[in-house]
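Look at the chain first, then read on.

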Amino acid sequence: MKPADFHLHILLFAIGSLLGSELLQAQPQTPYQQGLELLYQGQTDQALDIWEEYYLESQRVDSRAGFHFIEVVTSQNITDRYESATKMYYKALSNSVGANSRIAVRQEIERLKPIVGEGISRQWLEWWEDSNRELLLDMVGYWIQLDPTPATEVNERLIEHWQRIASARQQFTRNSSTIYGTDDRALIYVRYGEPDRIHRGILTLQDLNVKPWLQRQIIPREPTEEERIFDREPSVVNQAEILENAIYDFHRYPEYEVWFYDNLMDGPKRTVPYIFGTNVNTQKFQLQPSIDSFIPERAFYPEDHRDEQIVEFARYGITPALILQMLYYEQLTMVDPFFESRLNSIRDALMEQGPEALQGLDLSMKSESIELIN
């Protein structure tokens with residue numbers, strides 16, 4: 001190539017690059033992008049107007065605009081736009097188009113999982129994978145059947161759902177472990193709303209009370225062979241000291257929060273508790289299957305404990321976990337009859353069956369508590 005031709009080639013390449021860059025910059029923003037930019041600039045009404053006009057004029061739409069519209073309207077309680085929010089949400093599902101809409105619908109399935117449950121969510125995901133149009137019709141149908149006033153344009157239950165999400169994002173910020181960017185409390189709040197009662201605190205061990213409590217609760221163990229030979233009976237006081245040291249090794253002072261719903265069940269009134277608190281393994285604030293979950297797993301298997309005296313107690317079923325279960329449930333007896341019932345179940349087993357009831361009692365009580373709460 002001649003020098004002149006080379007320079008001409010470079011010049012043409014530079015001009016082409018410049019023109020290409022200008023063409024890219026000159027590409028008009030989509031209505032969704034225009035609305036987002038206005039929203040970030042604090043011009044909320046203008047952003048909503050653009051999205052609403054876009055949905056009125058278009059047959060097939062970018063779902064992101066509809067989902068964003070209802071999110072903004074409900075989080076800011078813009079009541080005069082609730083009707084538009086309902087219509088646009090339905091259209092975002094039923095008339096979506098494009099890859100971005102497909103991703104947005106996938107995210108909406110995740111947001112709905114806490115309220116629709118595992119079965120429906122799994123079915124929706126299968127339809128989404130297969131690009132089955134049944135999915136969008138079913139998602140719209142789900143909300144239509146929940147509409148308390150089907151004769152009006154506004155679906156109050158749909159609006160309430162998004163209001164709960166907005167409220168959850170403000171309140172439940174201990175960590176970000178859910179699709180809403182919140183801690184686990186949002187999963188229950190979005191599904192059921194505000195609980196009837198909340199009780200929170202820290203499970204503690206009172207130094208002055210533990211040893212006398214143990215002396216009242218424990219069943220004296222059988223003497224060891226050495227104690228029989230030297231005619232030394234193990235005293236209840238000594239046993240209490242051994243167990244006291246063991247439970248302090250496993251107690252973690254967990255923070256807890258219990259939500260009570262009084263009217264979730266059909267039929268006779270029955271309170272449903274949801275337990276949140278510090279995970280003893282990860283230290284994250286999470287939904288817990290039962291109060292027993294605040295006890296480290298090792299406390300249920302003290303055979304691995306280095307103290308031989310604890311191993312002796314374990315042979316009779318008196319584990320640190322069993323003692324902690326009784327202590328924790330006793331602290332909560334005044335909170336709700338459910339916890340008093342769990343404590344009484346342990347005591348009844350001890351009273352009726354004696355030492356024979358202790359074998360595996362800690363694990364069976366844990367399983368029973370989880371099953372009852374579920």
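## A residue to start with: Ser 345

Ser 345 counts as partly exposed, because its relative accessibility is 23%. Ser 345 sits in helix H15, which covers residues 337–353. Helices (H or I, at least four residues) and strands (E, at least two) are DSSP runs, numbered from the N terminus.

Leaving out residues up to four places away in sequence, Ser 345 touches Met 365 and Glu 368. A contact means heavy atoms within 4.5 Å. Met 365 is 20 residues away along the chain, and 8.3 Å separates its C-alpha atom from that of Ser 345. A polar atom of the Ser 345 side chain also lies 2.9 Å from the backbone oxygen of Ser 341. A polar contact is a pair of N or O atoms within 3.5 Å; within protein, one must be able to donate a hydrogen and the other to accept it, and residues adjacent in sequence count only if both atoms are side-chain atoms.

## What kind of model this is

This is a predicted model: local features need pLDDT of at least 70, side-chain atom pairs count only at pLDDT 80 or more, and totals for chains, interfaces and linings use all residues. Residues are numbered from 1 along each chain as its sequence is written, and side-chain values use heavy atoms, with hydrogens and water left out.

How confident is the predictor? The mean pLDDT of the chain is 85, where pLDDT is the predictor's confidence in each residue, from 0 to 100. Of the residues, 78% reach 70 or more. Residues 6–13 stay under 50 in pLDDT. For that stretch the model has one contact beyond four places in sequence.

## The chain as a whole

The chain has 374 residues, and 46% of them are buried. It holds 16 helices and four strands. Among contacts between residues at least 6 apart in sequence, 59% join residues at least 24 apart.

The chain exposes about 20,400 Å², and carbon and sulfur atoms supply 50% of that. Accessible areas come from the Shrake-Rupley method with a 1.4 Å probe; for residues, only the protein chains shown count as cover.

## The sheet

In what order do the strands of the open sheet stand? The order is E1-E2-E3-E4, with antiparallel pairing. Strand E1 (197–202) and strand E4 (285–288) are at the edges, each with a single partner strand, so one side of each has no neighbour in the sheet. From one strand to the next, the twist averages 20 degrees. Two strands pair if DSSP finds at least two bridges between them.

Six bridges join E1 to strand E2, residues 255–261. Here Ile 202 stands opposite Glu 255 in E2. Another six bridges join E2 to E3. Phe 260 has Pro 273 as its bridge partner in E3, and Glu 257 has Phe 276. Four bridges join E3 to E4, where Ile 275 stands opposite Gln 288. Six residues lie between the strands in the hairpin of E3 and E4, and Gln 283 takes a positive phi near 65 degrees there.

In strand E3 (residues 272–278), seven of seven residues are buried.

Thr 74 belongs to helix H4, residues 63–75. Thr 74 is buried, with a relative accessible area of 2%. Beyond four places in sequence, Thr 74 touches Tyr 82, Ile 159, Trp 162 and Gln 163. A polar atom of its side chain lies 3.3 Å from the backbone oxygen of Glu 71.

Glu 71 also meets Arg 169: a polar contact of 2.8 Å joins their side chains. Arg 169 is found in helix H8, residues 156–171. Arg 169 is partly exposed, with a relative accessible area of 30%. Its contacts beyond four places in sequence are Glu 71, Tyr 180 and Thr 182. Ala 186 is 17 residues from Arg 169 in sequence and 7.7 Å from it in space, C-alpha to C-alpha.

Note on methods
Axes fitted to C-alpha atoms, helices over the stretch in contact; angles between N-to-C directions. Buried < 20%, exposed > 50% of the residue type's maximum accessible area, 1.4 Å probe, protein only.
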